[in-house]
Amino acid sequence: MIDNYIEGFSSFFTAQKHTLPWLIPQSLPGIIDEMIAQVNDSYTVKDGIAIHQTATVERGVVLKAPVIISENCFVGANAYLRGGVYLGEGATVGTSCEVKTSIIMQNSAVAHFNFIGDSIIGNNVNFEAGSIVANHYNEKKDKQIRVMLHGEIIDTDVKKFGALVGDNCRIGANAVLSPGTILAKDTIVKRLELVEQV
């Protein structure tokens, strides 16, 4: 199913145990641990963190294992990656961003001052400054995440899931993707827009 949104996803993440996007974050730390065990000598691996020799990680970045930072990635000052994070080749996480338990695929950019939680972000996606992927319903008594898929509301049976963002999406500055957002390829979310699908 994810391959309909992110080209080649399932062939790349061969270690995944689930095909439903809202279940992958639940097992992502284990998946990344398995991937770290298989990286080649072009990565420096220490304490559950694998950084490619061509990646740039600026001062003040906090990395909490497991994390993979791939070839030609950039992680800006004071970024915070935790809970199992994979950055694909050429991905950018800018200044003061937080990424929690998420996959960010090739050549995607989380500009600066963003939060991405429990999400799967496709290739060539751009998040402008201040845009957020919320992963939890703070304001609701019923914390269960529901998603809209092909016109049907599905109960995911999870309480934390941010978004599945397809390839080539553009998310405008200060936009918010509510928990359970699923965006088709090439979607444009305007600046200051709130996306609530259910």
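The sulfur of Cys97 sits 13 Å from the closest cysteine sulfur, that of Cys73, which is too far for a bond. The structure, a predicted model, holds 0 disulfides, a disulfide being a pair of cysteine sulfur atoms within 2.5 Å. Cys169 is in no disulfide either, as the nearest cysteine sulfur, in Cys97, is 18 Å off. Cys97 comes out buried, with a relative accessible area of 2%, and Cys169 is buried at 0%. Here buried means under 20% relative accessible area, exposed over 50% and partly exposed in between, using a 1.4 Å probe and protein chains only.

A word on conventions. Residues are numbered from 1 along each chain as its sequence is written, and side-chain values use heavy atoms, with hydrogens and water left out. As this is a predicted model, local features need pLDDT of at least 70 and side-chain atom pairs count only at pLDDT 80 or more, while totals for chains, interfaces and linings use all residues.

On to the rings. Rings of Phe, Tyr and Trp (its six-membered ring) pair if their centres lie within 6.5 Å, with planes under 30 degrees apart called stacked, over 60 edge-to-face and the rest tilted. By this rule the count comes to 1 aromatic pair. It is edge-to-face because the ring centres of Trp22 and Phe161 are 6.4 Å apart, with the planes at 75°. Trp22 belongs to the loop between α1 (9-12) and α2 (24-36), and Phe161 to the loop between β16 (152-155) and β17 (163-165), so the pair links parts of the chain 139 residues apart. Helices (H or I, at least four residues) and strands (E, at least two) are DSSP runs, numbered from the N terminus. Trp22 and Phe161 are both buried.

Elsewhere, Lys140 lies over the face of Tyr137, 4.0 Å from the ring centre; the criterion is NZ of Lys or CZ of Arg within 6 Å of the centre and within 35 degrees of the ring normal.

Strand β15 (residues 146-149) has Val147 and Leu149 on a covered face and Arg146 and Met148 on an uncovered one. Antiparallel to β16, β15 is joined to it by 4 bridges, where pairing takes at least two DSSP bridges. Arg146 stands opposite Asp155 in β16. The two strands form a hairpin with 2 residues between them, and His150 in the turn has a positive phi of about 55°.

Finally, Val62 lies in strand β4 (residues 62-63) and is partly exposed at 37% relative accessibility.
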